Structure formats: structure tokens, C-alpha cells
Amino acid sequence: MNDTTPVLSIRGLTLALPEGADRDNAVEDVSYNVARGEIMCVVGESGSGKSMAANAVMGLLPKGVRPTAGEVIFNGQDLLTLDEKQHRQLRGLRIGMIFQEPMTALNPLMRVGAQIAEVFEAHGRYHARERQGRALALLEEVGIPQPERAIRAYPFQLSGGQRQRVMIAMALALEPELLIADEPTTALDVTTQAQILELIRNLQRRHGMAVMFITHDFGVVAEIATRVCVMRHGRIVELGTVGEVLDNPQHAYTRALLDAIPSNVVPQARDAERQAPLLEVKHLRKVFRSRGGLFKPAREVRALDDISFTLAPGETVGIVGESGSGKSTLGRCVVRLEHPDSGSILLSGTDYSSLKGNALRRERHRVQMIFQDPYASLNPRHRVGYAIAQGPMANGMPRAQAMRRAEELLELVGLGAVAVDRFPHEFSGGQRQRIGIARALALNPELIVADEAVSALDVSIQAQVLELLDELKHKLSLSLLFITHDLRVAAQICDTIIVMQQGRIVEQGTAPEVFLTPHEAYTRQLLDAIPGRAHEPAIA
Amino acid sequence: MLYARLIVMRLLKAVVVLFLIVILNFVLIQLAPGDPAAIMAGEAGATDEEFLRQLRERFGLDQPLYVQLWRYVSGIAMLDFGWSYRQGMPVLDLILARLPATLLLTGTAFVLSLALGILAGSMAAARVKKPSGSLIMALALIFYATPLFWVALMAVVLFSVYLDWLPAYGMYTVGAGHTGLALVLDIAKHLVLPATTLALFFMAIYTRMTRASMLEASQQDYVKTARAKGLAPRVIQRRHILRNALLPIITLAGLQAGQMVGGAILTETVFAWPGIGRLMFEALQQRDYNLLLGIFFFSAALVIVFNIITDLVYRLADPRIKGAS
């Protein structure tokens, strides 16, 4: 650790939100330092204002947000007093930044090499010819496979992890003293996340940078931080070294956040009664034919390759896998949104996958789905009550009765009957997911397929939604097919876990078996990649 | 290689589509009321049945429909578009004589509207919530909403009648006998009013669309990335925002380009521009069906050609679109 003069010193910073926002200040009286050679993690849930100070450092505050008090000292200079032109000269040169969404953070129409070369161009470094060579060296340093080809690639030809490496290469191009990383691994798979964290840690050591790392994930904090700053509602709740904060949290909020993390502790073996299976999936296959990219020649992708499993009434089966593992395709096949090439899906012994027309329409209510994105899966122009009542009405329930049912369901998921007349945008992410659950329940299903249903939510909200799902499952004797990329979440709620990779089932067993004594290398790799795993006992 | 294959495939499809269009046009024209032979006879002042029969026989109008269709289609395959009864000339000669004038007018209008529209749109996007930006949008809205012929007439009143800067009609000064550079200048002078009039409407559309599209693009994450690199605002505006914002413009430009043969009837009529539009109007009034069919064919062919060109340009502009479909 290296606690000499800080590279960045934020003192008493207050950023005012525009009139009419839900609170006066985005951040209030925030002070912390980031020193050379340390990684400062700023942790908080969405709306905590954790990214705001970073935006102020970069001079990239959203419109309407303005500093009203405090100073941001970077190498002896108050950044808040700089005009746009002076600030621009620091960006990219002395302060680098990487963002959350590698999919959208790169210009889709420009080659990767040109986008990296732009950093040199912006600060007048090197001749135009030389810049490509520099870009290539950077791509090598961040560990992109086949850098000579990657430099000529367009962003859409690279994977999420590769794009994030490109972002890092850009941020590091001019060897900045301070690197700001705003949720850089949130959108990535666990194994990719582990690699990117490793890369950031290595580069930080090699270049001796100060890093300000913004995240919502305490696992990531345990993995990478030297010091931690916990934020809530725009204020600092707790500030200290990683050991102090994780092992001996002083503030109730920090403890609550740590408790809300789906814990690594042995999942309890649950005794699902072994009855005739509700759902039987037999030898399911599905192939997608894709056009080629730069790194992938045109080929067939086996999304599902001979998938078989059963699900007993009242059981929760977790399908765990990284993106591209075929887990979502499996879920979509089960709810009949996608048609498998071969194989069958039996529901209580009858072949559900070959039903057509009216027969399908009659049976469809038995399997319902909860989607990942609570924002995108509700029609913004429909009132919530109508959104829920639509399903029953389509199945012949009179409107008045369907609306009464919607009220009951909203009551059941803890939103209250008054919610029927409101629009989706009036709700928070967690509340919208409750609406999604109510909608899935409206048709009295026997099986619910939840595709990444809690992935878009903050940990504390995530815990609440999982609790609700579990409670409803018992109250309404439902079965659950729970699709997730997060083994921790799966361990918390599932009886049986199925690990998928590239369309195949790699391992399946009870949750404790898979979690504690994984047989397959891939499962172990997934478990090891979970950030903060080494630290977990202390957290729990 | 990929493009060569793509073009060949698209051209083959185009031939099929064009063939279907020829048949459809032919059938539609047959459905139109009025017997060409009767009209011709009427204009010649003759009404007796024998003369009518001779006329029909001479032009093959007494044959069954499928024979007429076959003759027409096989003629087109040999680039023979038939004979204009009214003008006493081959249809192809008539069209080719008028085509350059129309293409000059519509082509100029196309380039003008595209260039000025994108320019005005990006200026408006960079001046959001400023008076100058609002002024651009107000003008665009006015041109968008005002009928073309009215703009044309007002332009004539202002620039020709009052100010006497520009000629009000025609393509060149009749009887002046200009040659060489003088002729070019003379035509350019005659071109200004009709081309501007024709350009205004699409220019307004491009302005509005470019602005909306740029404002949307400027919200994208890659723009924030570009700012984090320390790039200057005008570089970000041009390289990151405008380039991405132009994609929807390409689609629209393709649509406008497809109208280059048939889209200027009104303007050509108001400004007495000797182009296809007026030829079509006359042919319609005189029931000159062969000529009409010929113009329809050229118009359709141009739409198809510009569709292919639009697709190719789109592929060049957006690397994400690949493949030969």
C-alpha cells in the first residue's frame, strides 16, 4: 500500500441536482482521497450517487447537475474551476475512464484501431502513421487475442470482454495518473469478469496508477479494492481499508448490504417430494445458423445439444451458465416462444412441445415467464392493472373480473391494489419486477420460467424479490425454472442446479452437491471466478 | 467479390420485378376508360366505322389482349417501347429526348436538398435550445408544410417579376443561340428556381431528420467515450455523432432518388421545364398509352436501380450489415 500524497483529493463535494429531482443533491459533502498505487472502490446501489463524483472529476456531469460546494483537487489543481477546454486537455491524457457497457461504449462504425488512435490524435501525440503501431502495442498489452486482426475489427465483431479490453487500452493509451472505472465488469460473464479484474489489477501495478473503481458488487470490492467508500443517498456511509469495511463494518447499511449478498454458505438441502415429474425435457436440440464475423467464421451454433432433465412439482431447478450457453434458449423453448429442432417437452406426461393452435392456447397458461428486463418487458403506455389483466382477458375472463384479479395479484406481490391505475414508469426496478411476477401469476400457472429475473436489480432489492418468489412458490404450490448466470443466486433459491456450457449440460445435481463438491472443471472454474469468493467466509 | 455477387443477384431479381411491373402497367392501362382509336378518329374529324377499324388494325388494337401483351413485352425485351400515335415518333426517342432535362433538374435538386438539409440539420442539432437552432427548425417546418406549387409561384413572382434576377420559365433563352460556356450559364440560370423549389421540401425533411437523429446519437455511450478521450467537440460532432446519425438519412435519400424521373411533374409544369414530367402529363391528357407505359417503365427501372444503390451505400456506411440477402 502506498499512502503518500493523493493523486486525487475530493473535499466536501456537493453536487446539486436540477429542480424537481427526488432529492436536492446528487452527492452531499463527499470527501475522499485516491492515492498513487491504490484502488479505491466506491460502492453503492443505484441512485446512491456513486458515479457522480467521478463524472465531476472527468468534467462529464449530466446536464443540470452542478457543483455547489467543495473542491476536487487533482495534482494540486481544483478541477471544478477549469473551463471545458482546460478540462478536455486532462481527459484521456492524465485521467482515463472506462464505462459499464462495452457493447455501446464503442462507436459501431469505426474500426477499433482508429478509435484507439483517436486518443493520440486528441492530444496531438505521434504522427498519424505511428498511431496505429501504438494502438497495436496497447491491444497486445491488454491481452486481446490476435491483435493484428482485432485492430482492423469493428466493435460488433468482438465479444463483450474483448470490447472491454479495447476500452481499457484506450483509457491507458497515454498512461494517465488516474484511471476511473465505472462498473467496468457489471455487464460481463463471471469468468470474463474475473479476467478483466485481473487485467485491471495487473495494469494498475505495472503503471502505478491511482484507480477509482465504481461498483455495486461487494464481491468485486473484496477482489480488487485497497480502500472502500460506501455510499448511500449521496452521502458517504463508511470509508476505510478493504479489511476494515468488509470484516468489521461499522454502519448498519454496510452490514445490510453485505448480508444481502447471496451468500456462499452451504445451501440447505431441501426435500422436494419425489412425485411424477411436472416437466420432462427430453433430448432437446436447437441449432442457430450464424453468419460469420472476423473471429468466428460462418458456422452453426448448437444452442441446445441433447438437453434432458426433469422438474418435480414444487421443485426449483436452476439453469446456470454464461452468455451463449443456451440457457435462455432452453427457457424460451419451455414456454414455447422458440421451437426446438428435435426432442420433446412433456408437461404432466403430455407432449407440450407439439401442441398447436387451440390445444396450445388452452394449455399455454400452465407455463408462464418472468423476463429479465423489468423496464423493457412492460408496455409503457398500458396501466399496470391492464398489463396484468390482459392475459386472463385473452383467455375469456370478463374485464371487470380480470381487473379485480389484477388487484389481488398486486396485493399478493406486495405493491397494493392502488397500483392498478399507475403506469410502469412510476415504479422502481424492483417494483416493476414484482409487476412482472404478478403478470406471470395472473394465469394460474403451474410452472414459472424466470429468465435472469433478478439480474438487473440491486443486491438488497434482489434479496427481496428472491424472498417473494420463494414465498409465492410455497403459497401457490408453483414449480420454478430459474435461469441465471449467477451461481450465488442459484444456490440461494434452487433445489437442483444444472450447469450449462455451449448448449450442453456440464453438470447437474442438488444445490449443495454442485456448490460444495463440483465434479466438472467448468463448474469449479465458474465457482472460482465468483468475485470475492476468497473473502466470503469473513463476509458471511 | 462479395459486392460483385450481391450486385449480380440484385440485378437478376430486378429483371423479374421489372417484368412483373411491365405486365401490371399494361393491364392497368387496359382498364382505363376510353378507346384510343375512337379518340384519334374523333380528332381527325372522321367517325365512320371503317376508318376506326383500319386504325385498330394498324395499331394492333383489334388483336386479343394476350397477343397485344405478348407483342408489347417482347418489344420491350428488344428495347422497342412502341410508337407514340400522337407524336408520330418512337416512344424511346421521345423519352430519351426529355430524360436529360429532367435528370438535370431532379439531380440538382437531390444534391442540393441532401447537402443543405444535412448541413442545416447538424447546425440545428449543435444549437439546440438556442434561437438560431429554433429558427432553422421553424424554416424547415414552413418549407415542409407549404405546397410546392405555391412556393414555385411565389419564387417566380419575387425573383422573376419583381427583382428580374432569374428567368421564370423554360430551360434556355429561346432564340439567343448561346453556345459553349454561355449556354451552360444560361441553363444554370434557368435551373435555379425550379431546382430550388423542388429541393425545398426534401431539404426540410433532411433537416428535421438529421437534427433528430443527431440528438439521439449524441446521447449514446460512445459519445461519452469520445468525450472521455478528450476529443474536441467538433470532432465528436462530425466523426461520432454525424456519421452514426446519417444512417437513416441514406434510406430516405434512396427514396427521393427513386422519384427522379416521375417526381417533378408539378415543378416542370409551373416552370415550363421540357422534361419527362410534362411529357407524361401531355401523354395522359391525350391518352397516348404507349408513351405513358414507356415513362412508367423508366420510372420503375430508376426506382429499382436506386434501391440497389441505396443498399450498397448502406452496406458501405454500416459495417454491421453483411451478407448477400
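Student: Where does UniProt place the feature "transmembrane region" in chain B?

Tutor: The unreviewed UniProt entry places that feature at residues 12-32, 103-126, 138-163, 183-206, 246-271 and 291-314 of chain B. Bear in mind that we are looking at a predicted model.

Student: How much helix is there in residues 12-32 and how far apart are the end C-alpha atoms?

Tutor: Residues 12-32 of chain B are 95% helix and 0% strand, with 31 Å between the end C-alpha atoms. Residues 103-126 of chain B are 100% helix and 0% strand, and there the end C-alpha atoms lie 34 Å apart.

Student: Which residues touch the most other members of the largest nonpolar core?

Tutor: In general, nonpolar side chains of soluble globular proteins tend to be buried together. Here the largest nonpolar core has 230 residues, and A:Val57, A:Leu178 and A:Met212 touch the most other members. Helix α8 (residues 180-217) of chain B gives this core its largest share, 14 residues. Leaving aside residues up to four places away in sequence, the contacts of A:Val57 include A:Leu8, A:Phe74 and A:Ile180.

Student: How many residues of chain A are in contact with chain B?

Tutor: An interface's size is often given as the accessible area lost when the parts come together. Counting contacts instead, 24 residues of chain A meet 18 residues of chain B. On the chain A side, α3(A) gives the most, with three residues. By class, that side has 14 nonpolar, five polar and five charged residues.

Definitions and conventions: Residues numbered from 1 in each chain as written. Chains lettered and ligands numbered in written order. Predicted model: local features only at pLDDT ≥ 70, side-chain atom pairs only at ≥ 80, totals over all residues. Core = buried A, V, L, I, M, F, W, Y, C linked by C-beta atoms within 7 Å. Buried ≥ 20, exposed ≤ 12 C-beta atoms within 10 Å, placed from the backbone. Helix = DSSP H or I, 4+ residues; strand = E, 2+ residues; numbered from the N terminus. Contact = placed C-beta atoms within 7 Å. Nonpolar A, V, L, I, M, F, W, Y, C, P; charged D, E, K, R; others polar. UniProt positions renumbered as here; feature names shortened; annotations may be inferred.
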